[in-house]
Amino acid sequence: MIRVKICGLTNVEEALACVDLGADAIGVNFVEASPRRIDPQTARAIADAIGAGALVVGVVANMSVSAMRSLVAETRVGCLQLHGDETDADVAAMLPHAYKAVRISDADDIARADAAAGEYVMVDAKVEGLLGGSGHRVDTSLVAGLAKRRRLVLAGGLTPENVGRAIREVRPWCVDVASGVESSPREKDLIKVRAFIRASRAAT
């Protein structure tokens, strides 16, 4: 069954609501430039509230390995999503509870994603000046082959209206959404969250 991650949660109440609606994972963002960024204390409150109900993924970019380890210890997130220019050694140092996010626009990017350390890899749209959460879609024809070789997390411009088609075209292990289920960058629309999860399940 397809997994669903709702990313960019900023408070306990919405995080719990997303889990109640069926999310397998939720994302909390620590990237300084992101409008969805939260502090470690808020992330810890979210992780403590969710407990074993879902996987809590921390989104980071260009942090040192020691800083990432300290963040995991402080926040108790279950996994890290490395969304910057981290090396394979950085990813490997955080395994098995980490995966690399690779921004995709061409075959060279696919090769980088294919070579990423670990069992899992995320693909997101490549948009100049943004690390993610852009609302732009990945070319599904580029990543479908990768999904046959890796446990692929598909992100980039997914919405309740297009996620079913994206799943059928790519067959990813997980789909990830942030802007596609928002009222604003710090507020999730729970009606859209419900519709996204239902559309994802219906496509499998």
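Modeller: The accessible surface of the chain is about 9,100 Å². Carbon and sulfur atoms hold 50% of that surface. Keep in mind that this is a predicted model.

Colleague: What about charges? How many positive and negative side chains does the chain have?

Modeller: There are 25 positive and 26 negative side chains. The centres of the two sets lie 5 Å apart.

Colleague: And what share of the residues is buried?

Modeller: Buried residues account for 51% of the 204 in the chain.

Colleague: Switching to the fold. What does the secondary structure come to?

Modeller: Eight helices and 10 strands. The radius of gyration is 15 Å, close to the 17 Å from the globule rule for 204 residues, so the chain is as compact as a globular protein of that length.

Colleague: What box do the C-alpha atoms fill?

Modeller: Roughly 40 × 40 × 30 Å, along the principal axes.

Colleague: How about contacts between residues at least 6 apart in sequence? What percentage joins residues at least 24 apart?

Modeller: That comes to 54% of those contacts.

Colleague: Now S200. Where is it placed?

Modeller: S200 sits in helix 8, which covers residues 190-202.

Colleague: Buried or exposed?

Modeller: S200 is buried, because its relative accessible area is 0% and the cut-off for buried is under 20%.

Colleague: Which residues does S200 touch, leaving out those up to four places away in sequence?

Modeller: I2, V4, V163, I167 and V175.

Conventions
Residues are numbered from 1 along each chain as its sequence is written. This is a predicted model: local features need pLDDT of at least 70, side-chain atom pairs count only at pLDDT 80 or more; totals for chains, interfaces and linings use all residues. Side-chain values use heavy atoms; hydrogens and water are left out. Helices (H or I, at least four residues) and strands (E, at least two) are DSSP runs, numbered from the N terminus. Buried means under 20% relative accessible area, exposed over 50%, partly exposed in between (1.4 Å probe, protein chains only). Contact means heavy atoms within 4.5 Å. The radius of gyration is taken over C-alpha atoms; the globule rule is 2.2 Å times the number of residues to the power 0.38. Accessible areas come from the Shrake-Rupley method with a 1.4 Å probe; for residues, only the protein chains shown count as cover. Lys and Arg count as positive and Asp and Glu as negative; His and the chain ends are not counted. The place of a charge is taken as NZ of Lys, CZ of Arg, CG of Asp or CD of Glu.
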